[in-house]
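My entries follow in the order I made them.

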Amino acid sequence: GRQTGKSKTFRIATDTTFSPFEFEDVDGNFTGIDVELLHAISEDQGFTFELQSLGFDAAVTALESGQADGVIAGMSITPDRQAKFDFSDPYFNSGIVMAVVKDSSVDSYEKLKGRTVAVKNGTEGAAFAESIADTYGFTITVFDDSSSMYQDVLSGSSAACFEDYPVIGYAISQGMKIQMVGEKQAGNSYGFAVKKGQNEELLNYFNEGLRNLKENGIYQEILDRYIVE
Ligand code: GLN
């Protein structure tokens with residue numbers, strides 16, 4: 001019969017590159033905070049999973065269509081998404097910020113007038129950029145992955161991008177020639193998502209595992225490997 005519970009292998013979809021949450025390290029290993037958290041939680045809870053690195057929008061689509069059982073991808077818990085998905089307890093606080101190439105003259109949203117702004121398909125950053133594009137008179141170029149989005153900013157094609165500030169902060173700490181501009185926008189925390197009403201079991205494993213990892217210090221150890229204040 002159909003496998004259920006902990007004998008089942010859950011299909012978890014994620015982004016391709018969203019460091020420090022998921023990315024390929026110098027040795028070609030797929031790693032990051034999300035990846036390590038998921039491994040630690042599955043070990044704690046005794047379930048198995050198969051991780052599919054699809055890209056952010058593709059991961060969300062796979063979850064919606066039932067091709068994935070869960071998504072972990074620095075995915076913000078937004079009211080819109082809560083209509084379609086059930087989210088775990090939040091596991092990381094985030095929000096959106098504008099980033100420009102280092103030493104850019106663009107130091108405010110006003111300076112975006114007549115320029116192009118790069119965003120990643122289906123993200124909270126993209127939705128925020130769309131919400132202010134008319135007001136500030138810029139056009140939007142959409143990319144499927146963060147690397148292409150950054151490249152467009154670094155090359156000068158786009159004047160700025162909108163991205164989660166922990167991700168921009170990490171990129172800067174890794175030597176990327178970009179800087180944040182202005183205030184962080186209020187944004188939402190990250191959660192693990194399953195299809196609404198369809199996978200309470202997996203959600204419970206995640207929440208229980210997360211609680212245990214917070215208690216035994218492993219959660220903090222994982223964060224400390226990537227985030228240096
Ligand atoms: N946190 C953002 C969102 O959920 C971006 C996630 C990502 O690009 N992987 O929309």
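Where is the place of P20? I found P20 in the loop between β1 (9-14) and β2 (23-24). Helices here are DSSP runs of H or I with at least four residues, strands are runs of E with at least two, and both are numbered from the N terminus. A cis peptide bond joins S19 to P20, with omega at about 10 degrees.

**Ground rules.** I am reading a predicted model, in which local features need pLDDT of at least 70, side-chain atom pairs count only at pLDDT 80 or more, and totals for chains, interfaces and linings use all residues. Residues are numbered from 1 along each chain as its sequence is written, and side-chain values use heavy atoms, with hydrogens and water left out.

**Backbone, continued.** I looked up D103 next. D103 is not a glycine, yet its phi is positive, about 65 degrees. D103 sits in the loop between β7 and β8 (116-120). D103 counts as exposed, at 68% relative accessibility. My cut-offs: buried is under 20% relative accessible area, exposed is over 50%, and partly exposed is in between (1.4 Å probe, protein chains only).

**Aromatic pairs.** How many aromatic pairs does the structure hold? I noted 18. Rings of Phe, Tyr and Trp (its six-membered ring) pair if their centres lie within 6.5 Å; planes under 30 degrees apart are stacked, over 60 edge-to-face, and the rest tilted. I picked Y91 and F206. Their ring centres are 6.2 Å apart and their planes stand at 55 degrees, so this pair is tilted. The pair links distant parts of the chain, 115 residues apart. Y91 is in the loop between β6 (85-87) and β7 (96-101), and F206 is in helix α7 (residues 200-216). Y91 is buried at 2% relative accessible area. F206 is buried too, at 0%.

**S88.** I stayed in the loop between β6 and β7, where S88 also lies. S88 counts as buried, at 5% relative accessibility. S88 touches I77, G191, F192, L203, F206 and N207, leaving out residues up to four places away in sequence. Contact means heavy atoms within 4.5 Å.

**Charges over rings.** Which ring does K184 lie over? K184 lies over the face of Y165, 4.1 Å from the ring centre. I logged K214 as well: its charged end sits over the ring of Y219, 5.0 Å from the centre. The test asks for NZ of Lys or CZ of Arg within 6 Å of the ring centre and within 35 degrees of the ring normal.

**Helix packing.** Two packed helices are described by the angle between their axes and the distance between the axes. I took α1 (residues 33-45) and α8 (residues 218-226): their axes come within 10 Å and cross at roughly 160 degrees. That makes α1 roughly antiparallel to α8. The α1 contact residues are I33, E36, L37 and A40; those of α8 are I218, Y219, I222, L223, R225 and Y226. Axes are lines fitted to C-alpha atoms, for helices over the stretch in contact, with angles from 0 to 180 degrees between N-to-C directions.

Then I checked α1 against α7. The axes come within 9 Å and cross at roughly 100 degrees. That makes α1 roughly perpendicular to α7. Angles under 35 degrees are roughly parallel, over 145 roughly antiparallel, 65 to 115 roughly perpendicular, and the rest oblique. From α1, L37, A40, I41, D44 and Q45 meet Y205, F206, E208, G209, L210, N212 and L213 of α7.

**Two methionines.** Is M75 buried or exposed? M75 is buried, with a relative accessible area of 0%. I placed M75 in the loop between β5 (70-71) and α3 (79-82). Its contacts beyond four places in sequence include F56, V60, Y190 and A193. The C-alpha atoms of M75 and A193 are 7.8 Å apart, across 118 residues of chain.

M176 is partly exposed, at 25% relative accessible area. M176 lies in the loop between α6 (165-173) and β11 (178-185). Beyond four places in sequence, M176 is in contact with Y150, L154 and A171. From M176 to Y150, 26 residues apart along the chain, I read 9.1 Å between C-alpha atoms.
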